[in-house]
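This briefing concerns the structure shown below.

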Amino acid sequence: MKHLLAQRSLVAVLAAVLAAGPAGCDSKPSGGSDPSAGISPKVMADALHAVMEADRTVYASQVVYRLQDEEEVVHASEHWQDEKALPLPAQMFRMGAERVAGTTDAFSYGLLSKWPVNRKNAPRTELETAGLDSVAKDPSKPFYGRETLGGVEYFTAVYADVAVSPACVTCHNAHKDSPRTDFEEGDTMGGVVIRIPLR
Ligand code: HEC
(Lines give C-alpha, C1' and ligand atoms only; values in the text may rest on other atoms or scores of the structure.)
Protein backbone atom coordinates (compact mmCIF):
# COMPACT_ATOMS: atom_id res chain seq x y z
CA MET A 1 0.00 0.00 0.00
CA LYS A 2 2.94 2.29 0.61
CA HIS A 3 3.75 2.15 -3.11
CA LEU A 4 0.21 3.08 -3.99
CA LEU A 5 0.16 5.97 -1.58
CA ALA A 6 3.46 7.23 -2.93
CA GLN A 7 2.12 7.04 -6.47
CA ARG A 8 -1.15 8.69 -5.53
CA SER A 9 0.78 11.53 -3.98
CA LEU A 10 2.84 11.89 -7.15
CA VAL A 11 -0.42 12.34 -9.03
CA ALA A 12 -1.37 14.98 -6.48
CA VAL A 13 1.97 16.75 -6.99
CA LEU A 14 1.53 16.68 -10.76
CA ALA A 15 -1.99 18.00 -10.34
CA ALA A 16 -0.72 20.81 -8.13
CA VAL A 17 1.97 21.70 -10.67
CA LEU A 18 -0.65 21.81 -13.41
CA ALA A 19 -3.08 23.80 -11.32
CA ALA A 20 -0.37 26.32 -10.47
CA GLY A 21 0.31 26.87 -14.16
CA PRO A 22 3.61 27.15 -15.97
CA ALA A 23 5.36 28.91 -13.08
CA GLY A 24 4.32 26.25 -10.58
CA CYS A 25 7.84 24.90 -10.21
CA ASP A 26 9.75 28.07 -9.46
CA SER A 27 9.47 30.68 -6.78
CA LYS A 28 8.52 33.63 -9.00
CA PRO A 29 4.98 34.92 -8.74
CA SER A 30 2.96 33.12 -11.39
CA GLY A 31 1.12 36.21 -12.69
CA GLY A 32 3.74 37.66 -15.05
CA SER A 33 5.34 34.46 -16.30
CA ASP A 34 5.77 33.50 -19.94
CA PRO A 35 3.17 30.81 -20.72
CA SER A 36 5.47 29.24 -23.31
CA ALA A 37 7.91 28.37 -20.49
CA GLY A 38 5.61 25.59 -19.22
CA ILE A 39 5.92 21.95 -20.14
CA SER A 40 3.95 20.78 -23.15
CA PRO A 41 0.58 19.04 -22.70
CA LYS A 42 2.07 15.98 -24.42
CA VAL A 43 4.91 15.70 -21.89
CA MET A 44 2.38 16.22 -19.09
CA ALA A 45 0.01 13.56 -20.45
CA ASP A 46 2.84 11.06 -20.97
CA ALA A 47 4.07 11.65 -17.40
CA LEU A 48 0.59 11.27 -15.93
CA HIS A 49 0.07 8.10 -17.94
CA ALA A 50 3.37 6.63 -16.70
CA VAL A 51 2.15 7.08 -13.11
CA MET A 52 -1.30 5.67 -13.88
CA GLU A 53 0.07 2.65 -15.69
CA ALA A 54 2.55 1.93 -12.90
CA ASP A 55 -0.21 2.27 -10.32
CA ARG A 56 -2.55 -0.03 -12.27
CA THR A 57 0.13 -2.67 -12.81
CA VAL A 58 1.32 -2.60 -9.19
CA TYR A 59 -2.27 -2.96 -7.91
CA ALA A 60 -3.02 -5.80 -10.35
CA SER A 61 0.18 -7.74 -9.63
CA GLN A 62 1.19 -6.90 -6.03
CA VAL A 63 -2.27 -6.63 -4.51
CA VAL A 64 -4.81 -8.60 -6.57
CA TYR A 65 -2.66 -11.33 -8.10
CA ARG A 66 -0.49 -11.83 -5.01
CA LEU A 67 -3.30 -11.91 -2.44
CA GLN A 68 -5.91 -13.67 -4.56
CA ASP A 69 -3.92 -16.12 -6.72
CA GLU A 70 -0.68 -16.68 -4.79
CA GLU A 71 -1.51 -16.25 -1.09
CA GLU A 72 -5.21 -17.03 -1.57
CA VAL A 73 -6.25 -14.85 1.38
CA VAL A 74 -8.77 -12.57 -0.32
CA HIS A 75 -10.41 -12.34 -3.70
CA ALA A 76 -11.18 -9.46 -6.06
CA SER A 77 -14.74 -8.92 -7.17
CA GLU A 78 -16.86 -6.47 -9.05
CA HIS A 79 -19.20 -6.60 -6.01
CA TRP A 80 -16.34 -5.91 -3.63
CA GLN A 81 -18.40 -4.08 -1.02
CA ASP A 82 -21.06 -6.79 -0.63
CA GLU A 83 -18.49 -9.57 -0.77
CA LYS A 84 -15.88 -7.82 1.42
CA ALA A 85 -13.44 -8.35 -1.46
CA LEU A 86 -10.80 -6.29 -3.25
CA PRO A 87 -12.06 -3.94 -5.98
CA LEU A 88 -11.11 -4.94 -9.54
CA PRO A 89 -8.16 -3.03 -11.06
CA ALA A 90 -10.52 -1.13 -13.42
CA GLN A 91 -12.70 -0.13 -10.46
CA MET A 92 -9.64 1.11 -8.52
CA PHE A 93 -8.68 3.12 -11.59
CA ARG A 94 -12.15 4.66 -11.88
CA MET A 95 -12.31 5.55 -8.18
CA GLY A 96 -8.94 7.30 -8.52
CA ALA A 97 -10.16 9.20 -11.58
CA GLU A 98 -13.30 10.27 -9.73
CA ARG A 99 -11.25 11.59 -6.79
CA VAL A 100 -8.98 13.53 -9.13
CA ALA A 101 -12.05 15.00 -10.85
CA GLY A 102 -13.18 16.23 -7.43
CA THR A 103 -9.88 17.94 -6.62
CA THR A 104 -8.68 19.57 -9.85
CA ASP A 105 -9.91 20.65 -13.26
CA ALA A 106 -6.35 20.78 -14.62
CA PHE A 107 -6.81 17.38 -16.22
CA SER A 108 -9.17 14.41 -16.26
CA TYR A 109 -8.79 10.78 -17.22
CA GLY A 110 -10.61 7.52 -17.66
CA LEU A 111 -10.34 3.93 -18.85
CA LEU A 112 -12.57 3.50 -21.89
CA SER A 113 -13.31 0.81 -24.44
CA LYS A 114 -15.33 0.32 -27.60
CA TRP A 115 -16.44 -2.98 -26.03
CA PRO A 116 -17.14 -1.87 -22.44
CA VAL A 117 -18.41 -4.13 -19.68
CA ASN A 118 -19.68 -0.96 -18.01
CA ARG A 119 -21.48 1.23 -20.55
CA LYS A 120 -20.26 4.34 -18.71
CA ASN A 121 -16.82 3.45 -20.10
CA ALA A 122 -17.81 3.76 -23.78
CA PRO A 123 -16.20 6.54 -25.88
CA ARG A 124 -18.30 9.70 -26.09
CA THR A 125 -16.35 12.01 -28.40
CA GLU A 126 -15.16 11.53 -31.99
CA LEU A 127 -11.57 11.90 -30.84
CA GLU A 128 -11.98 9.21 -28.15
CA THR A 129 -13.34 6.82 -30.79
CA ALA A 130 -10.55 7.65 -33.25
CA GLY A 131 -7.96 7.26 -30.47
CA LEU A 132 -9.30 3.88 -29.34
CA ASP A 133 -9.31 2.66 -32.98
CA SER A 134 -5.75 3.86 -33.43
CA VAL A 135 -4.30 2.23 -30.29
CA ALA A 136 -6.17 -1.00 -31.11
CA LYS A 137 -4.25 -1.11 -34.39
CA ASP A 138 -0.87 -0.18 -32.88
CA PRO A 139 -0.75 -0.37 -29.06
CA SER A 140 2.84 0.89 -29.01
CA LYS A 141 1.85 4.32 -30.35
CA PRO A 142 -0.26 6.65 -28.20
CA PHE A 143 -2.79 8.80 -30.06
CA TYR A 144 -2.72 12.60 -29.57
CA GLY A 145 -5.20 15.21 -30.73
CA ARG A 146 -7.13 18.36 -29.91
CA GLU A 147 -10.86 18.69 -29.47
CA THR A 148 -13.25 21.45 -28.46
CA LEU A 149 -15.94 20.46 -25.98
CA GLY A 150 -18.38 22.94 -24.47
CA GLY A 151 -16.35 25.84 -25.92
CA VAL A 152 -13.08 24.68 -24.29
CA GLU A 153 -10.16 23.37 -26.30
CA TYR A 154 -8.50 20.24 -24.93
CA PHE A 155 -5.33 18.31 -25.63
CA THR A 156 -6.42 14.67 -25.50
CA ALA A 157 -4.15 11.63 -25.41
CA VAL A 158 -5.18 7.98 -25.72
CA TYR A 159 -2.93 5.08 -24.55
CA ALA A 160 -3.57 1.38 -25.23
CA ASP A 161 -4.82 -0.87 -22.42
CA VAL A 162 -3.65 -4.34 -23.37
CA ALA A 163 -4.73 -7.79 -22.15
CA VAL A 164 -1.48 -8.55 -20.37
CA SER A 165 -2.70 -11.68 -18.59
CA PRO A 166 -5.15 -14.51 -19.31
CA ALA A 167 -7.31 -13.23 -16.42
CA CYS A 168 -8.18 -10.05 -18.40
CA VAL A 169 -9.46 -12.08 -21.31
CA THR A 170 -11.28 -14.80 -19.36
CA CYS A 171 -13.18 -12.39 -17.16
CA HIS A 172 -14.23 -9.98 -19.95
CA ASN A 173 -15.17 -12.72 -22.43
CA ALA A 174 -17.33 -14.43 -19.80
CA HIS A 175 -18.89 -11.29 -18.30
CA LYS A 176 -22.63 -11.08 -18.90
CA ASP A 177 -22.43 -7.40 -19.85
CA SER A 178 -19.45 -7.70 -22.20
CA PRO A 179 -20.38 -6.89 -25.81
CA ARG A 180 -17.35 -8.88 -26.97
CA THR A 181 -16.46 -12.50 -26.17
CA ASP A 182 -13.45 -13.15 -28.40
CA PHE A 183 -10.65 -11.20 -26.70
CA GLU A 184 -7.26 -12.90 -26.85
CA GLU A 185 -4.15 -12.28 -24.76
CA GLY A 186 -2.18 -9.37 -26.24
CA ASP A 187 -5.29 -7.69 -27.69
CA THR A 188 -5.92 -4.03 -26.96
CA MET A 189 -9.04 -4.11 -24.79
CA GLY A 190 -9.46 -0.37 -24.43
CA GLY A 191 -7.49 2.74 -23.66
CA VAL A 192 -6.61 5.33 -21.05
CA VAL A 193 -7.84 8.76 -22.14
CA ILE A 194 -6.16 11.83 -20.58
CA ARG A 195 -7.64 15.26 -21.29
CA ILE A 196 -5.91 18.56 -20.51
CA PRO A 197 -7.72 21.88 -21.06
CA LEU A 198 -5.60 24.41 -22.98
CA ARG A 199 -5.95 27.88 -21.48
C1 HEC B 1 -12.58 -10.50 -12.64
C2 HEC B 1 -13.00 -9.77 -13.80
C3 HEC B 1 -12.05 -8.82 -14.52
C4 HEC B 1 -10.71 -8.94 -14.73
C5 HEC B 1 -9.76 -10.04 -14.25
C6 HEC B 1 -10.32 -7.78 -15.52
N7 HEC B 1 -11.39 -6.99 -15.76
FE8 HEC B 1 -11.41 -5.32 -16.89
N9 HEC B 1 -13.23 -4.87 -16.17
C10 HEC B 1 -14.03 -5.72 -15.44
C11 HEC B 1 -15.23 -5.00 -15.05
C12 HEC B 1 -16.38 -5.56 -14.22
C13 HEC B 1 -15.12 -3.70 -15.59
C14 HEC B 1 -16.08 -2.54 -15.43
C15 HEC B 1 -15.61 -1.73 -14.22
C16 HEC B 1 -16.40 -0.46 -14.03
O17 HEC B 1 -17.47 -0.55 -13.44
O18 HEC B 1 -15.94 0.60 -14.48
C19 HEC B 1 -13.84 -3.67 -16.31
C20 HEC B 1 -13.40 -2.58 -17.02
C21 HEC B 1 -12.34 -2.63 -17.90
C22 HEC B 1 -12.04 -1.63 -18.90
C23 HEC B 1 -12.86 -0.37 -19.18
C24 HEC B 1 -13.94 -0.67 -20.22
C25 HEC B 1 -14.99 -1.63 -19.74
O26 HEC B 1 -14.93 -2.81 -20.15
O27 HEC B 1 -15.89 -1.23 -18.95
C28 HEC B 1 -10.91 -2.04 -19.55
C29 HEC B 1 -10.21 -1.35 -20.70
C30 HEC B 1 -10.49 -3.27 -18.91
N31 HEC B 1 -11.38 -3.61 -17.91
C32 HEC B 1 -9.35 -3.98 -19.25
C33 HEC B 1 -8.87 -5.03 -18.48
C34 HEC B 1 -7.53 -5.57 -18.59
C35 HEC B 1 -6.46 -5.11 -19.59
C36 HEC B 1 -7.42 -6.54 -17.64
C37 HEC B 1 -6.22 -7.37 -17.26
C38 HEC B 1 -5.03 -6.62 -16.85
C39 HEC B 1 -8.72 -6.63 -16.97
N40 HEC B 1 -9.55 -5.71 -17.51
C41 HEC B 1 -9.03 -7.54 -15.97
C42 HEC B 1 -13.74 -7.02 -15.12
C43 HEC B 1 -12.47 -7.56 -15.16
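**Sheet, helix packing and ligand shell**

Four strands make up an open sheet with antiparallel pairing, in the order S1-S4-S3-S2. S1 and strand S2 (143-149) are the edge strands, each with a single partner, so one side of each has no neighbour in the sheet. Direction ignored, neighbouring strands of this sheet are turned by 25 degrees against each other on average. The model is predicted.

**Overall architecture**

- The protein contains 5 helices and 4 strands.
- Along the sequence, these elements follow the pattern α-α-α-β-α-β-β-α-β.
- Of the 199 residues of the protein, 26% count as buried.
- Among contacts with a separation of 6 or more, 54% are between residues 24 or more positions apart.

**Strand pairing**

- Strands of a sheet pair through backbone hydrogen bonds, in either a parallel or an antiparallel arrangement.
- Strand S1 (residues 108-112) pairs with S4 in the antiparallel sense over 5 bridges, and Tyr109 has Ile194 as its bridge partner in S4.
- S4 is also joined to strand S3 (residues 152-162), by 9 bridges in an antiparallel arrangement; here Val162 has Thr188 as its bridge partner in S4.
- S2 and S3 run antiparallel and are joined by 7 bridges, with Phe155 of S3 as the bridge partner of Arg146.
- H2 packs on this sheet and touches S1, S2, S3 and S4. The direction of H2 makes about 135 degrees with that of S4.
- S4 is mostly covered, with 9 of its 10 residues buried.

**Helix H2**

- Helix H2 spans residues 41-70 and has a kink of about 35 degrees centred on Val64.
- Val64 is itself buried, as are Pro41, Met44, Ala45, Leu48, Met52, Asp55, Tyr59 and Ala60 of H2.
- An α-helix has 3.6 residues a turn, so residues three or four places apart point the same way.
- Glu72, with a positive phi near 50 degrees, follows H2.

**Loop between H2 and H3**

- Most residues other than glycine have a negative phi.
- Glu72 lies in the loop between H2 and H3, and its phi near 50 degrees is a positive value in a residue other than glycine.
- Lys84 counts as exposed because it has 10 C-beta neighbours inside 10 Å.
- Leu86 is found in the loop between H2 and H3.
- With 18 other C-beta atoms within 10 Å, Leu86 is partly exposed.
- Apart from neighbours within four places in sequence, Leu86 is in contact with Val63, Val64, Leu67, Val74, His75, Ala76 and Trp80. Among these, Val64 is the residue on which the kink in H2 is centred.
- Leu86 and Gln68 are 18 residues apart in sequence, and their C-alpha atoms are 9.0 Å apart in space.

**Ligand shell**

- The ligand is surrounded by 23 residues, of which Ala90, Asn121, Cys168, Cys171 and Gly190 are the closest.
- At least two residues of the shell are supplied by each of helix H3 (89-103), helix H5 (166-174) and strand S4 (188-197).
- The residues of the shell divide into 13 nonpolar, 7 polar and 3 charged.

**Asn121 in the shell**

- Asn121 is one of the residues closest to the ligand and lies in the loop between S1 and helix H4 (126-137).
- Asn121 is partly exposed, with 17 other C-beta atoms within 10 Å.
- Not counting residues up to four places away in sequence, Asn121 touches Leu111, Leu112, Ser113 and Pro116.
- Asn121 and Gly190 are 69 residues apart along the chain, with their C-alpha atoms separated by 9.4 Å. Both residues are listed among the closest to the ligand.

Notes
Residues are numbered from 1 along each chain as its sequence is written. This is a predicted model: local features need pLDDT of at least 70, side-chain atom pairs count only at pLDDT 80 or more; totals for chains, interfaces and linings use all residues. A residue is near a molecule or strand if its C-beta atom, placed from the backbone, lies within 6 Å of it. Ala, Val, Leu, Ile, Met, Phe, Trp, Tyr, Cys and Pro count as nonpolar, Asp, Glu, Lys and Arg as charged, and the others, Gly among them, as polar. A residue is buried if 20 or more other C-beta atoms lie within 10 Å of its own, exposed if 12 or fewer, and partly exposed in between; C-beta atoms are placed from the backbone. Two strands pair if DSSP finds at least two bridges between them. Two residues are in contact if their C-beta atoms, placed from the backbone, lie within 7 Å. The bend at a residue is the angle between axes fitted to the seven residues ending there and the seven starting there. Axes are lines fitted to C-alpha atoms, for helices over the stretch in contact, and angles run from 0 to 180 degrees between N-to-C directions.
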